[in-house]
Amino acid sequence: MSPLGDEYVTGIPKTVAMNRITETKMKSDNSQPQDQNDAARRRARRVGKLYSNALLYLVLIAALFAVNALMFPGRWWIVWPALGLGLFMLIRAWHVLVTPRFIE
């Protein structure tokens with residue numbers, strides 16, 4: 001018997017202690033859906049980062065295009081940064097959107 005009475009287990013109310021025990025059992029029993037939820041969250045985070053990177057790419061290329069058009073109207077050097085960053089974005093999009101389907 002604990003010094004606080006029968007309704008307490010090691011200083012914690014018995015109902016709280018039992019809730020913790022059942023939560024622990026439920027977490028261990030339902031590990032498969034939790035893993036699937038974590039995988040879905042990671043994939044959603046990766047897709048969100050891809051979209052933010054694509055937006056950043058568009059803004060950067062637009063700014064560089066404006067600089068190129070205003071400062072050097074006869075020479076279109078913007079093509080090279082656009083192709084280089086575009087290739088990077090294409091590889092990144094492939095990695096995020098297509099590759100996980102082959103792994104699953």
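Helix α3 (residues 79–103) supplies the largest share of the nonpolar patch, three residues. The patch lies on the surface and consists of F65, W76, V79, W80 and L83. This is a predicted model, in which local features need pLDDT of at least 70 and side-chain atom pairs count only at pLDDT 80 or more, while totals for chains, interfaces and linings use all residues. Residues are numbered from 1 along each chain as its sequence is written, and side-chain values use heavy atoms, with hydrogens and water left out.

**Fold and confidence**

- The protein chain has three helices and two strands. Helices (H or I, at least four residues) and strands (E, at least two) are DSSP runs, numbered from the N terminus.
- Read from the N terminus, the order of elements is β-β-α-α-α.
- The mean pLDDT of the protein chain is 79, and 65% of the residues score at least 70. pLDDT is the predictor's confidence in each residue, from 0 to 100.
- Confidence is lowest in strand β1 (residues 8–9), with a mean of 52. It is highest in α2, at 90.

**Burial and contacts across the chain**

- Of the 104 residues in the protein chain, 11% are buried. Buried means under 20% relative accessible area, exposed over 50%, and partly exposed in between (1.4 Å probe, protein chains only).
- The protein chain exposes about 8600 Å², and carbon and sulfur atoms supply 67% of that area. Accessible areas come from the Shrake-Rupley method with a 1.4 Å probe; for residues, only the protein chains shown count as cover.
- Among contacts with a separation of 6 or more, 48% join residues 24 or more positions apart. Contact means heavy atoms within 4.5 Å.

**The nonpolar patch**

- Together, F65, W76, V79, W80 and L83 have about 580 Å² of accessible area.
- Patches take residues with over 30% relative accessible area and no salt bridge; like charges are joined within 9 Å, nonpolar side chains (Val, Leu, Ile, Met, Phe, Trp, Tyr) within 5 Å.
- L83 belongs to helix α3. L83 counts as exposed because its relative accessible area is 51%.
- F65 is partly exposed at 44%. W76 is also partly exposed, at 42%.

**Aromatic pairs**

- The structure holds two aromatic pairs. Rings of Phe, Tyr and Trp (its six-membered ring) pair if their centres lie within 6.5 Å; planes under 30 degrees apart count as stacked, over 60 as edge-to-face and the rest as tilted.
- F65 and W76 are stacked, at 5.6 Å centre to centre and 15° between the planes.
- This pair links distant parts of the chain, eleven residues apart: F65 sits in helix α2 (residues 31–71), and W76 in the loop between α2 and α3.
- F72 and W77 make an edge-to-face pair, because their ring centres are 6.4 Å apart and their planes stand at 70°.
- F72 is partly exposed at 42% relative accessibility. W77 is partly exposed too, with a relative accessible area of 29%.

**Salt bridge**

- The count comes to one salt bridge. The term requires a side-chain nitrogen of Lys or Arg within 4 Å of a carboxyl oxygen of Asp or Glu.
- D38 and R41 form the bridge through their side chains, at 3.3 Å, N to O.
- Both residues lie in helix α2, three residues apart, or about one turn of the helix.
- D38 is partly exposed, with 27% relative accessibility. R41 is partly exposed at 46%.

- V47 is in helix α2. V47 is buried because its relative accessibility is 16%.
- Beyond its neighbours within four places in sequence, V47 contacts V96 and L97.
- L90 is in helix α3. L90 is exposed, at 59% relative accessible area.
- The C-alpha atoms of L90 and A54 are separated by 9.7 Å, and the two residues are 36 residues apart along the chain.
- P81 is also found in helix α3. P81 is partly exposed, at 25% relative accessibility.
- Not counting residues up to four places away in sequence, P81 touches I61, L64 and G86.
- From P81 to F65, 16 residues apart along the chain, the C-alpha separation is 9.9 Å.
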